[in-house]
Amino acid sequence: MLTHKLVMTSIGFAMLTATALAQTSAPTPPSSSTSPAPAAQPAKPPANNLAGQGKWRTSKLIGVDIYGPDDKKVGDVTEVIVDKTGKIEMVTVGVGGFLGIGAKDVAIPFEQVTWSDQPIAPPAPAPAPAGGAAGSTGGGMSAAPPAASAPKAPAMYPDHGKITMTKDQLNAAPAVTYSGS
């Protein structure tokens with residue numbers, strides 16, 4: 001009797017396993033060349049890649065450097081303020097302080113910031129003294145120019161912003177306060 005139950009249980013388990021395997025197995029492709037051609041697959045919709053379309057991610061504006069009229073950094077974007085329709089009204093710029101201690105946020109209307117995708121050009125190096133430098137080992141050959149960097153994909157945020165206010169003017173401006181926070 002015990003052997004009979006064991007055999008029946010084993011057969012039942014084998015049938016359940018075969019059923020489960022049949023449900024998870026991939027169908028085999030038809031091997032005959034006389035089968036009808038598969039229907040044309042509908043085209044996949046294009047990916048919604050917004051890069052390079054003049055669109056910016058507001059989350060990426062946070063931390064973008066802001067420069068004053070003298071091309072010196074005055075702070076960086078700390079917040080992006082939008083109205084209830086989603087239009088950007090202003091950005092706040094963190095100014096003053098040292099390593100974030102003692103800094104304050106100053107609101108600047110968005111349209112007063114000139115945004116640029118190109119980095120601010122570093123100042124040109126001082127010209128070399130005439131007659132050659134002592135101890136020069138160049139043998140009259142100049143250093144090779146730096147290799148051109150490969151073009152990069154659009155970053156979906158600007159490199160920096162520029163405003164007409166100086167760092168002193170920003171430090172004198174009132175700090176932004178947020179009610180309810």
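User: Which residues does His160 touch, not counting residues up to four places away in sequence?
Analyst: In this predicted model, His160 lies in strand 6. Leaving out residues up to four places away in sequence, His160 touches Val64, Asp65, Tyr67, Thr114, Trp115, Ser116, Gln118, Pro119 and Ile120.

User: Is His160 buried or exposed?
Analyst: The cut-off for a buried residue is under 20% relative accessible area. His160 has a relative accessible area of 6%, so the residue counts as buried.

User: Which side chain makes a polar contact with that of His160?
Analyst: The contact spans 2.9 Å and joins two side chains. One belongs to His160, and the partner is Asp159.

User: What is the order of the strands in the sheet?
Analyst: Six strands form an open sheet, and their pairing is mixed. The edge strands, each pairing on one side only, are strand 4 and strand 5 (114-116). From one strand to the next the twist averages 35°. The order is 4-3-2-1-6-5.

User: In what sequence do helices and strands follow each other from the N terminus?
Analyst: The protein chain has three helices and six strands. Read from the N terminus on, the elements run α-α-β-β-β-β-β-β-α.

User: How many bridges pair strand 2 with strand 3?
Analyst: Strand 2 (residues 73-82) pairs with strand 3 in the antiparallel sense. Within this pairing Ile81 stands opposite Met90, and Glu79 stands opposite Thr92. The number of bridges is six.

User: Which residue in the hairpin of strand 2 and strand 3 takes a positive phi?
Analyst: Five residues lie between the two strands of this hairpin. The phi in question is near 100°, and the residue that takes it is Gly86.

User: How many of the residues of strand 3 are buried?
Analyst: Strand 3 covers residues 88-95, eight in number, and is mostly covered. For the protein chain of 181 residues, the share that counts as buried is 15%. In strand 3 the buried count is six.

User: Which residue forms a salt bridge with Lys162, and where do the two lie?
Analyst: The N to O distance in this salt bridge is 2.5 Å. The pair links distant parts of the chain, 91 residues apart: Lys162 is in strand 6 (residues 160-162), and its partner is in the loop between strand 1 (65-67) and strand 2.

User: What is the N to O distance in the salt bridge of Asp65 and Lys73?
Analyst: The count of salt bridges comes to two, and one of them joins the side chains of Asp65 and Lys73. Asp65 counts as partly exposed at 24% relative accessibility, as does Lys73 at 40%. The distance between N and O is 3.0 Å.

User: What percentage of the contacts between residues at least 6 apart in sequence join residues at least 24 apart?
Analyst: The contacts considered here are those in the protein chain between residues at least 6 apart in sequence. The share joining residues at least 24 apart is 56%.

Note on methods. Residues are numbered from 1 along each chain as its sequence is written. This is a predicted model: local features need pLDDT of at least 70, side-chain atom pairs count only at pLDDT 80 or more; totals for chains, interfaces and linings use all residues. Side-chain values use heavy atoms; hydrogens and water are left out. Buried means under 20% relative accessible area, exposed over 50%, partly exposed in between (1.4 Å probe, protein chains only). Helices (H or I, at least four residues) and strands (E, at least two) are DSSP runs, numbered from the N terminus. Two strands pair if DSSP finds at least two bridges between them. Contact means heavy atoms within 4.5 Å. A salt bridge is a side-chain nitrogen of Lys or Arg within 4 Å of a carboxyl oxygen of Asp or Glu. A polar contact is a pair of N or O atoms within 3.5 Å; within protein, one must be able to donate a hydrogen and the other to accept it, and residues adjacent in sequence count only if both atoms are side-chain atoms. Axes are lines fitted to C-alpha atoms, for helices over the stretch in contact, and angles run from 0 to 180 degrees between N-to-C directions.
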